[in-house]
Amino acid sequence: MTVELQRYVEEEILPRYDAFDAAHQRNHAEMVIRQSLVLAEQLGVDVNMAYVVAAYHDTGLCEGRETHHLVSGRIIREDRRLREWFTEEQIEEMARAAEDHRASSAGPPRSIYGRIVAEADRFIDPETIVQRTVQYGLEHYPEMTREEHYRRMMQHLHEKYGREGYLHLWFEDSPNAARLEQLRVMMEDEPAMQKLFSKYYETAVNGGSNMWGKVKRWLQSLSFRTGVIVLVCCIPFYILSFAQMLLPISAAAKGVLWTILFGLAKTCQYGGLTILGVEGFNRLKKYFKKEKTVFVKPKET
Ligand SMILES: [Fe+2]
Ligand SMILES: [Fe+2]
């Protein structure tokens, strides 16, 4: 591969992926490049062209997901530097290949480069697919509950990878075809899918199975009432942490007492808020608002 072209792509093109979502970071482009180069060599086509198509194929995400394949094509067409290594015809062919990389695009890719990038874009690894789908859901639909995220994931997997799914593989008997079959078998196994979903959902939401993740999940399982009681407990601890300053004891003792009481106050405050969660906190806010209006009304009449 041309060294200068590779340097340009690594310095100017791949860093663009740093701004995209977790599923389309630089390692995704690098994976597509690796697989494209293997296919290009096998098929005996221009390795430099396959490399450019792979490197640019998702750069169009800078204008949103919907039309990103078309925008990627435009970015290739408008790139002045590429003219140092390619003819106008080659650039047009590469732009079209980038446009054709989407699994959901209507027709088959128009050239061998389109088929290569479309195939390389799909590293069918069941675990990675589940992980990417969970990450995408959490980033784009933060309001969804855990159950809704699971249903969204399964729906997406069936629409794309199911036997009637819109994904097409362009090379028969490829490693991808074998892994796709593996995924389809797995999708029918509900407990296995639940387990895999749990693994990536919990990691993304709570930072995995670490101590804080476990403590947080336990706190969230407690009731609204417990949350309010724990939260209210922070008030006397805050008052006591400052009131003890008036006691006729040594400064060192005051320091120790302050650390303990203030620490307890903070623990109750954050513990209570974690137990309540966003929903519980809003419920509490609503309750206080209601109290206020009940108070105000008699004054007005
Ligand atoms: Fe894409
Ligand atoms: Fe991609």
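Angles between axes under 35 degrees count as roughly parallel, over 145 as roughly antiparallel, 65 to 115 as roughly perpendicular, and the rest as oblique. The model is predicted; local features need pLDDT of at least 70, side-chain atom pairs count only at pLDDT 80 or more, and totals for chains, interfaces and linings use all residues. Residues are numbered from 1 along each chain as its sequence is written, and chains are lettered from A and ligands numbered from 1 in the order in which they are written.

**View 1. Helices α2 and α6 cross at roughly 135°.** The axes of α2 (residues 26-43) and α6 (residues 112-120) come within 8 Å, and the two helices are therefore oblique to each other. Their crossing is right-handed. On α2 the contact is made by V32, Q35, S36, L39, A40 and L43, and on α6 by I112, I116, V117, E119 and A120 (contact: C-beta atoms, placed from the backbone, within 7 Å).

**View 2. H149 lies in helix α8.** This helix covers residues 146-161. H149 is buried because 20 other C-beta atoms lie within 10 Å (buried: 20 or more; exposed: 12 or fewer; partly exposed: in between). Not counting residues up to four places away in sequence, H149 touches V134, G137, L138, M144 and Y201. The C-alpha atoms of H149 and F197 are separated by 9.1 Å, although the two residues are 48 apart along the chain.

**View 3. Residues 293-301 have a pLDDT below 50.** The pLDDT is the predictor's confidence in each residue, from 0 to 100. The chain averages 87, and 88% of the residues score at least 70.

Definitions and conventions
Helices (H or I, at least four residues) and strands (E, at least two) are DSSP runs, numbered from the N terminus. Two residues are in contact if their C-beta atoms, placed from the backbone, lie within 7 Å. Axes are lines fitted to C-alpha atoms, for helices over the stretch in contact, and angles run from 0 to 180 degrees between N-to-C directions. A crossing is left-handed if the near helix is turned anticlockwise from the far one by less than a right angle, and right-handed if clockwise.
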